Amino acid sequence: ATLDCGSVQLDPFTVDTKASLEEYYSTVVARRGELLDAEVSWLRATRTDLVVSDVVPIACAAAAEAGIPAVAVTNFSWDFIYSEYLTTQRRPEFRQLVWGIATDYAAASLLLRLPGHVPMPAFQAVEDVPLVVRHAHKSAEQVRSELSLPPGVRIAVLIYGGHRASLEVREDFLPPG
C-alpha cells in the first residue's frame, strides 16, 4: 500500500514543494479513512506485535488504533519537512496536513532518534540511538584501488534520489582540501 510519498523532486537537488504537499494530500489525507481502516485490519489479521517505521505517519496511527506499539526510527519527520514547505505554499489544507502528521506521530509509542536530527516535538517518548550501519566488506584501500582513486585524496560522493542530472560541482562548493 502507498502510505507515504515523501518529496516530489524535479532533480537531485530541487524539490517541488507544491507538488509534494498536493501528492501527500491526495495520497494520504484524502484517503485517510480508507487507508487507516485497511491498515488496522491488516495489522489485526496478521497478528502483528510491533510496527517499526522510517517514518510513515499513518503507520503510527494505525498501530495505535490496532492496540499495538509503534516505534519510529529516524532523524527527521515529515511534519518538520512539510512545515518548511508552508513558507511558500500557504493553502489552509496544507497547514491541516502538517498538524495531521504531527497527530499521527504523537500516537507512536517511541521514537528512536538518530544522530543529526531535527526538532520532532510530536513524539512523546524519545530515545537517542547511534547510527546503525553494516560493517564494510572491503577496506578503504581496496575500494580506492578498485576505483582507481589515489590514496589520501579526499572524495565527496553525491547520491540523491536516484535522479539523473548533470551536476556542476565547483571547488568553491566544497570545504577546503
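**View 1. R47 is an exposed residue in the loop between α2 and β3.** In this predicted model, the relative accessible area of R47 is 70%, which makes R47 exposed (exposed means over 50% relative accessible area, buried under 20%, and partly exposed in between, with a 1.4 Å probe and protein chains only). The phi of R47 is near 50°, a positive value in a residue other than glycine. Most residues other than glycine have a negative phi, and most peptide bonds are trans. The element names used here come from DSSP runs, numbered from the N terminus: helices are H or I runs of at least four residues, and strands are E runs of at least two.

A word on the model before the other views. Because this is a predicted model, local features need pLDDT of at least 70 and side-chain atom pairs count only at pLDDT 80 or more, while totals for chains, interfaces and linings use all residues. Residues are numbered from 1 along each chain as its sequence is written, and side-chain values use heavy atoms, with hydrogens and water left out.

**View 2. S148 also has a positive phi, of about 55°, although S148 is not a glycine.** Look for S148 in the segment after α6. With a relative accessibility of 65%, S148 counts as exposed.

**View 3. A cis peptide bond joins D54 and V55.** The omega of this bond is about -20°. V55 sits in the loop between β3 (residues 51-53) and α3.

View 4. The axes of α1 (residues 17-29) and α5 (residues 92-106) come within 11 Å and cross at roughly 60°. Here, axes are lines fitted to C-alpha atoms, for helices over the stretch in contact, and angles run from 0 to 180 degrees between N-to-C directions. α1 passes α5 in a left-handed crossing (left-handed if the near helix is turned anticlockwise from the far one by less than a right angle, right-handed if clockwise). On the α1 side the contact is made by K18, L21, E22, Y24, Y25 and V29, and on the α5 side by E93, F94, L97 and I101; contact means heavy atoms within 4.5 Å. These residues divide into seven nonpolar, no polar and three charged, where Ala, Val, Leu, Ile, Met, Phe, Trp, Tyr, Cys and Pro count as nonpolar, Asp, Glu, Lys and Arg as charged, and the others, Gly among them, as polar.

**View 5. α2 and α3 cross in a right-handed sense.** Their axes come within 9 Å and cross at roughly 55°, which makes α2 oblique to α3. R32, L35, L36, E39, V40, L43 and R44 of α2 make the contact with I58, A61, A62, A63, E65 and A66 of α3. The residues of this contact divide into nine nonpolar, no polar and four charged.

**View 6. F123 belongs to the largest nonpolar core, which has 37 residues.** Such a core is a set of buried Ala, Val, Leu, Ile, Met, Phe, Trp, Tyr and Cys residues joined through side-chain atoms within 4.5 Å. Y82, L97, Y105 and F123 touch the most other members. The elements that give two or more residues are α1, α2 (32-45), α3 (57-66), β4 (70-74), α4 (78-85) and α5, and α3 gives the most, with seven residues. In soluble globular proteins, nonpolar side chains tend to be buried together.

**View 7. The loop between α4 and α5 holds Q89 and R90.** Q89 is buried, with a relative accessible area of 15%, whereas R90 is exposed at 62%. Apart from neighbours within four places in sequence, Q89 is in contact with T17, K18, L21 and F94. The C-alpha atoms of R90 and L3, 87 residues apart along the chain, are separated by 24 Å.

**View 8. L131 is exposed in the loop between β6 (126-128) and α6 (140-146).** The relative accessible area of L131 is 57%. Leaving aside neighbours within four places in sequence, L131 is in contact with L114 and P115. T27 is 104 residues from L131 along the chain, and their C-alpha atoms are separated by 30 Å.

Key. Angles under 35 degrees count as roughly parallel, over 145 as roughly antiparallel, 65 to 115 as roughly perpendicular and the rest as oblique.
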